[in-house]
Amino acid sequence: MFMVGMELIFTKQVANGKDAMGNDTHTTQQITIADCLVAPISEPATAREQQAMEQSRDQVRVHFPKADATDVSDSDFEYGGKTFHLDSDSVVFMDGNTPTRWNRYIRAECVNG
């Protein structure tokens, strides 16, 4: 059996200047990344993951292909009819020690369900 990646579209707020009062202004950026894997978290690795599990909140790890280093931190994406928010820094593994096409992941938590 082969693992099949999917295309995900991430929505990210990007600072683009200041308004008249000196507050940051933002634009919405859509970032498309092909060949991502989405895996539910069934074994928590952190206290945050354990707490989310105890509160029955959906959480996943999004695995990104080695060929992509796009910054999608603090962004949202749709998966399985739900909206998830990426809420951690990416964990990167050494390419040489990673036999699959994916070498980094970010945790995400459902924000609408």
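This is a predicted model: local features need pLDDT of at least 70, side-chain atom pairs count only at pLDDT 80 or more; totals for chains, interfaces and linings use all residues.
Asn-16 lies in strand S1, which covers residues 6–18. Is the residue buried, exposed or partly exposed? With a relative accessibility of 45%, Asn-16 is classed as partly exposed, because this value falls between the limits of 20% for buried and 50% for exposed residues.

The surroundings of Asn-16 come next. Leaving aside residues up to four places away in sequence, Asn-16 is in contact with Thr-25, His-26 and Thr-27. With Thr-25 there is also a polar contact between the two side chains, at 2.7 Å. Thr-28 is 12 residues away from Asn-16 along the chain, and 9.9 Å lies between the C-alpha atoms of these two residues.

Strand S2, made up of residues 24–40, pairs with S1 in the antiparallel sense, and 11 bridges connect the two. S1 and S2 form a hairpin with five residues between the strands, where Gly-22 adopts a positive phi near 90 degrees. S1 is also joined to strand S4 (residues 76–79), again in an antiparallel arrangement, by two bridges.

Which residues stand opposite Phe-10 in S2 and in S4? In S2, the residue opposite Phe-10 is Ile-31; in S4, Phe-77 takes the facing place.

Methods. Residues are numbered from 1 along each chain as its sequence is written. Side-chain values use heavy atoms; hydrogens and water are left out. Helices (H or I, at least four residues) and strands (E, at least two) are DSSP runs, numbered from the N terminus. Buried means under 20% relative accessible area, exposed over 50%, partly exposed in between (1.4 Å probe, protein chains only). Contact means heavy atoms within 4.5 Å. A polar contact is a pair of N or O atoms within 3.5 Å; within protein, one must be able to donate a hydrogen and the other to accept it, and residues adjacent in sequence count only if both atoms are side-chain atoms. Two strands pair if DSSP finds at least two bridges between them.
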